[in-house]
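I opened this entry to keep track of what I looked up and in what order.

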Amino acid sequence: MTAPKKLHVKTYGCQMNVYDSERMAETLGVKGYVTTDRPEDADLILLNTCHIREKAAEKVYSDLGRLKPLREAKPDLKIGVAGCVAQAEGAEIMARQPLVDLVVGPQTYHRLPAMMERVEAGEKALDTEMPEEDKFDHLPKLRSPAAKPTAFLTVQEGCDKFCAFCVVPYTRGAEVSRPVERLLGEARALVDRGVKEITLLGQNVNAYHGLGPDGAVWSLARLIWALDGIDGLERIRFTTSHPNDMTDDLIEAHGTCAKLMPYLHLPVQSGSDRILKAMNRKHTAEDYLRIIARLRDARPDLALSGDFIVGFPGETEEDFEATLQIVRETRYAAAYSFRYSARPGTPAAEREDVPQDVAVERLHRLQALITEQQQAAQRAMVGRETCVLFEKAGRHEGQLVGKSEYLQAVHVQAPDALKGQVARVRIEAAATNSLAGVLI
Ligand code: SAH
Ligand code: SF4
Ligand code: F3S
């Protein structure tokens, strides 16, 4: 018997890529590949890439360059590029880096086993189609116990919004929602494998409009309520949402659905109406603040996070000041801010950039404000009780680490038997990125 072939996957970018990497590993598992954390042991290395900012995309090429000695040591080593850079650049990747044997886009990775047969025969393989068939229908179904009590579940993919800066509508294609029954089936299977928390994923997850078993089109809120009925599933989250799809039923669910966790990632990108218009966001700062107020009415302890772009073409000091202002008014528990990166093929790439030093300086100011808010949110937890889903052993003896309802990391002295379980914890200390507490 020959030893199983080894696969190493490196994931860049968003949670959807994390999800896809796991599915790719499972698909190749059917062909006899087992995963390894060590690239030097691998027979196949897959880079699951992100195209969102120039830095992310360029990192792929420097990482590919670094694989050269591995290939020299092991001429049979196969190297593949998957994900959004694969979709955006296709055959150019092989032209620029001849080490690459395989290029596969986000919508065709269910074809990896067949592609690998060609690669193993010494050919190159490329597939960046956006096929009619649904890749999810062709992926293997697992029954083994889940490695973690938390899981992602892609319910919607792609984007029709075309924000002026963003590559996602091009790399992931048009918005597609998966049918309700499939999702409920997969969620039940995850729970049967020991999963307690499911995070529903979509590039625009709250634009979900899937076919229900009754023939009607279901909203995300309706899907969440159906998931709420699954015994053994304890927590539901979803990401990433767009303000314009924050419907009444979804806002209401935050107040009434006990399994829906009180944390919402709702990016606004800028606080300036002029810039929001130039970004093609189709909402104002006021619209956003009104949605936040309604969400907090429904769920007063809701923790919010957001994304911001600074230095978008045409951004003035006054526009940037409006961004600081919306952050002050919203009071985020966490937020992610990025310097604008011009992306090929997007409308904003044609426009004139804000000088780099100006953008960098604004980014620092915004990040300082965000850090302040994040620290305040962490400190506000001290003395409070929260439920923690324990995920793994902590760094210290007898310690477990889990996530609070508000998605904060919490360290607790707790028996190993609590791993994979939810327990009530009193928070006693706060640091910027984690909390410490005791079991109640
Ligand atoms: N679908 C999600 C997330 C898209 S990508 C949404 O609509 O919110 C994640 C974040 O990357 C975005 O929210 C945005 O803040 C940032 N981003 C996207 N394109 C960018 C670009 N060209 N330059 C800098 N940041 C960008
Ligand atoms: Fe990109 Fe905008 Fe679509 Fe989000 S909504 S994925 S930022 S185009
Ligand atoms: Fe990046 Fe593609 Fe996700 S561009 S952020 S990996 S959808």
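**Entry 1: a helix pair.** I began with the crossing of helix 1 and helix 6, and I noted it as right-handed. This is a predicted model, so I read each value below as computed from it. Helix 1 covers residues 15-29 and helix 6 covers residues 112-120. I read off an angle of about 65° for their packing, with the axes 9 Å apart.

Next I asked which residues of helix 1 and helix 6 make the contact. Helix 1 brings Met24, Thr27 and Leu28. Helix 6 answers with Leu112, Pro113 and Met116. I sorted the residues of this contact by class and got 5 nonpolar, 1 polar and no charged.

**Entry 2: ligand 1.** I then moved to the ligands. Around ligand 1 I found 14 residues. Phe165, Gln203, Gln269, Asp307 and Ser341 come nearest. By class, the shell around ligand 1 holds 6 nonpolar, 4 polar and 4 charged residues.

I went through atom pairs next. Arg53 places a polar side-chain atom 3.1 Å from an oxygen atom of ligand 1. From Phe165, a polar backbone atom is 3.0 Å from a nitrogen atom of the ligand. For Gln203 I noted 2.7 Å between a backbone N or O atom and a nitrogen atom of ligand 1.

How much of the accessible area of ligand 1 does the protein cover? On its own, ligand 1 has 540 Å², and the protein covers 89% of that. I also checked which elements give two or more residues to the shell: they are strand 15 (303-310) and strand 16 (334-339).

**Entry 3: ligand 2.** I listed the residues around ligand 2. Cys159, Cys163 and Cys166 are among them. The list also includes Lys161, Phe162, Phe165, Val168 and Pro169. I counted the shell by class as 7 nonpolar, 2 polar and 2 charged.

**Entry 4: ligand 3.** Which residues surround ligand 3? I found Cys14, Asn17, Thr49, Cys50, His51, Ile52, Cys84, Arg172 and Gln203. Their classes are 4 nonpolar, 4 polar and 1 charged.

**Entry 5: backbone.** Is the peptide bond from Thr239 to Thr240 cis or trans? I found it cis, with omega near 0°. Thr240 sits in the loop between strand 13 (235-239) and helix 10 (248-256).

Phe162 was my second stop. Its phi is near 50°, a positive value in a residue other than glycine. I placed Phe162 in the loop between strand 8 (156-157) and helix 7 (168-171).

Note on methods. Residues numbered from 1 in each chain as written. Chains lettered and ligands numbered in written order. Predicted model: local features only at pLDDT ≥ 70, side-chain atom pairs only at ≥ 80, totals over all residues. Heavy atoms only, no water. Near = heavy atom within 4 Å. Polar contact = N/O pair within 3.5 Å; in protein donor to acceptor, adjacent residues only side chain to side chain. Areas by Shrake-Rupley, 256 points an atom, 1.4 Å probe, with all protein chains shown as cover. Helix = DSSP H or I, 4+ residues; strand = E, 2+ residues; numbered from the N terminus. Nonpolar A, V, L, I, M, F, W, Y, C, P; charged D, E, K, R; others polar. Axes fitted to C-alpha atoms, helices over the stretch in contact; angles between N-to-C directions. Left-handed = near helix turned anticlockwise from the far one by under 90°. Contact = heavy atoms within 4.5 Å.
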